[in-house]
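Reader: Please show the structure and then take questions on it. I would like to begin with a pocket.

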Amino acid sequence: ALQTRTDFGKAGYGGAAPPQGESHRYQFTVHALDVEHIEVDADASGAMVGFNVHFHSLGSASLTVHYR
């Protein structure tokens, strides 16, 4: 496994931070890939990771949850 740069500017999960008093939606998606690993390094942007994942995706499943 490899964690890459997120919107927080570094690798790793930054946690939920919904707006105060509002319900917020989070989507978690897993992909089955046609390769063992994608060719990105830990400093890759989300756009680069997304491009490579979608290029190699055989299928995916998503879970949408609401947090308040």
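Reader: Which residues line the second largest pocket?

Author: This is a predicted model, in which local features need pLDDT of at least 70, side-chain atom pairs count only at pLDDT 80 or more, and totals for chains, interfaces and linings use all residues. Residues are numbered from 1 along each chain as its sequence is written, and side-chain values use heavy atoms, with hydrogens and water left out. A pocket is an open set of points on a 1 Å grid over the protein atoms alone, where a 1.4 Å probe fits, with protein on both sides within 12 Å along at least five of seven lines; lining residues have an atom within 4 Å of a point. For the second largest pocket they are Ala1, Leu2, Gln3, Thr4, Leu33, Glu36, His37, Ile38, Val40 and Val49.

Reader: How many residues of each class are in the lining of the second largest pocket?

Author: Ala, Val, Leu, Ile, Met, Phe, Trp, Tyr, Cys and Pro count as nonpolar, Asp, Glu, Lys and Arg as charged, and the others, Gly among them, as polar. By that scheme the lining has 6 nonpolar, 3 polar and 1 charged residues.

Reader: What volume does the largest pocket have?

Author: Grid points are joined across faces, edges and corners, and a volume is the space filled by probe spheres set on the points. The second largest pocket comes to about 270 Å³. For the largest pocket the value is about 800 Å³.

Reader: Which element gives the largest share of the lining of the largest pocket?

Author: Helices (H or I, at least four residues) and strands (E, at least two) are DSSP runs, numbered from the N terminus. The elements that give two or more residues to this lining are S1 and H1. The largest share, 5 residues, comes from S1.

Reader: Which residues of H1 are buried, and why do they line one face of the helix?

Author: The buried residues of H1 are Val49, Asn52, Val53 and His56. Seen down the helix axis they fall within an arc of 100 degrees, so they line one face; the arc is that of the directions from the helix axis to the C-beta atoms. The face turned away carries the exposed residues Ala47, Phe51, His54 and Phe55. The buried residues, in turn, pack against S1 and S2.

Reader: Which residues is histidine 56 in contact with?

Author: Histidine 56 lies in helix H1 (residues 46–56) and is buried, with a relative accessible area of 17%. Contact means heavy atoms within 4.5 Å. Leaving aside neighbours within four places in sequence, the contacts of histidine 56 are Ala32, Leu33, Asp34, Val35 and Ile38.

Reader: Which residues does alanine 44 touch?

Author: Alanine 44 is in the loop between S1 and H1, and at 9% relative accessibility it counts as buried. Not counting residues up to four places away in sequence, alanine 44 touches Thr4, Arg5 and Val49.

Reader: What is the mean pLDDT of the protein chain?

Author: pLDDT is the predictor's confidence in each residue, from 0 to 100. In the protein chain, 100% of residues reach 70 or more. The chain mean is 88.

Note on methods:
Buried means under 20% relative accessible area, exposed over 50%, partly exposed in between (1.4 Å probe, protein chains only).
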